[in-house]
Amino acid sequence: MCGIVAYLGPRDAVSVLIDGLKRLEYRGYDSAGVAFLNEGSLKVLKKEGRIAALEEQLNSHKWNSRIGIGHTRWATHGRPSDVNAHPHLDCSGKFAVVHNGIIENYGELKASLEKRGHHFVSETDTEVLAHLVEEAYQGDLCAAVRSVLRQVRGSYALAVLSEHEPGKIVAARKDSPLVLGVGKGEFFLASDIPALLPYTREVCLLGDGEVAEISGDGFRVLNGDGVFLTRKTFHVDWDQEAAERGGYPHFMLKEICEQPRALRETLGGRLTPDGARISFEKLGLRPEVLKSFQRIFIVACGTAYHAGLVGKYVLEKLARIPVEVDLASEFRYRNPILDQQTLVLVISQSGETADTLAALREARHRGCQVLAVTNVVGSSVAREADHVIYTWAGPEIAVASTKAYTTQLLVLYMIGLLFAEARETIEPEEAAAIVAHLKVLPEKVEMILEERELIRELADRYSCCKDVFFIGRGLDYAVALEGALKLKEISYIHAEAYAAGELKHGTLALIEKGVPVVALATQEELLEKMVSNIKEVKAREGVIISVCCGEKREVEEASDHLIRIPDVPSFVTPILSVVPLQLLAYYMAAARGCDIDKPRNLAKSVTVE
Ligand code: F6R
């Protein structure tokens, strides 16, 4: 949560900071602020609300600044307000700090700072950092920051600016992301790479516990013991367009529509030359290693967890290996039964989700090998896992995850095939047939997207409803869970998903005249049962919106509205059937005038527990 930027160089620092904050706004957006040196003196402006409010305040004056730090906040300690917004200052007003993460021992630190005469103005944990730097400063900002970091427990990505050393920014990170961008005679810091792309493509990733000092002379990186490290930059060749809205009203719609490309890129380059088998170059999991695992644990949060639920069906069906799926926030505290024959598969779009990262560490600590599926190169999850498979979805900016989910599903099918081949649970012809189906999925998604006007009409019609239920069986149930999450998080309509067979065990009591029920009916072998469940809802005068695969007369007859997805084998439908649900959520939220890309109370990257 929270986004950090910093700039040092010949440009107008305030403009660069505001631009960077806008690109990071998805990480938190309840307040924002900047600190910069204006003709040598430290200025701090911060404001509750969106970055536009801060920008308006800044625009009322002409500044002359070449160095500054900025922050967009998602409140953890202290409610959203001007005073709790970052940057935070020490008592002298000479040190400004922006911080993403949580200082766990801030209570005790604050109490002892207060005893020593420090005066606090905010309710945040971050403010202790500013006061600690003030105390530790003896003419060397970098040394002061390092000494402060030895006193704090918790997670941080931070940047410090001081009037005492006007040509310098000191930054550090531990368990929260921070990247350094290196331009010609200029330097940038940001919480993620897309925020840097308009300025530079040369990036240096800071490691956990490392401190960076940037100045007009260059940058240097030190470890916690003060030892200088050699850090090379690497070139990022992401398309900048991909990180911008490109004519779409919202990032979410753009990202939904990017799914065909994202799927093609995720599959491309991972096929054998004859196109019949999956092959992950550089993946250290050789067939004999794959064969040695007796169990798989899939661990993730939110949408990535829902992808994991599909992964369970896929892996168990293809490779006949037992799979457990766990929420990362539960896994880490429930003492799961793990051994060296358990592969822990973590899924995380951002690669920075605190609970997922903690689960990964727990699994490694217990001697398990960890395979990560993530979208962000160089993210903490990618760096700490034993093996990594990237989803090549490109930057996902909208808070609601869409293209990351479908590419995660695709990777899970590919992993299923790898395991199945190693465990000899699949015939080569059957594997080749599945690969062939995966290859045509991008075109099929395009077909669904072309029909999106129909979904918009449906969404407009039901956008005023209070509750929506999603039902399905088998793989459809896993997708129903994702459909309900999408709808509730961006439209604020109460939505719940149920295994269709469970309705009669309680939920049916909630169905009354006019309540929309989205019924996923794509699983051929469960169709009859699903039609019976649809009829149970119809008998209670619920409105049925069915999603089915190709022509299904029995589903059509039982439904009020029908969304048809292209005919594909039941086994691969999740990658298609979720798309109308994403669109339904999007258009319902649009009809209700919601802030789709930045839903209330949420943030894109959840780097706190
Ligand atoms: C929902 C959504 C979240 C994330 C979850 C995990 O649309 O985006 O539920 O899926 O916060 O995030 P990652 O995948 O970055 O670990």
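The model is predicted: local features need pLDDT of at least 70, side-chain atom pairs count only at pLDDT 80 or more, and totals for chains, interfaces and linings use all residues. Residues are numbered from 1 along each chain as its sequence is written, and side-chain values use heavy atoms, with hydrogens and water left out.

**Helix pair**
- The axes (lines fitted to C-alpha atoms, for helices over the stretch in contact, with angles from 0 to 180 degrees between N-to-C directions) of helix 3 (residues 106-115) and helix 4 (residues 127-136) come within 10 Å and cross at roughly 50°.
- Helices (H or I, at least four residues) and strands (E, at least two) are DSSP runs, numbered from the N terminus.
- In contact (heavy atoms within 4.5 Å), Y106, L109, K110 and L113 of helix 3 meet V128, H131, L132 and E135 of helix 4.

- Five strands form an open sheet in the order 17-16-18-19-20, with parallel pairing; two strands pair if DSSP finds at least two bridges between them.
- Strand 17 (323-327) and strand 20 (387-390) each have a single partner strand, so one side of each lacks a neighbour in the sheet.
- Strand 18 (residues 342-348) pairs with strand 19 (residues 369-374) in the parallel sense over six bridges, and V344 stands opposite V370 in strand 19.

**Helix on the sheet**
- Helix 13 (residues 403-422) lies across strand 16 (295-300), strand 18, strand 19 and strand 20, and runs at about 160° to strand 18.
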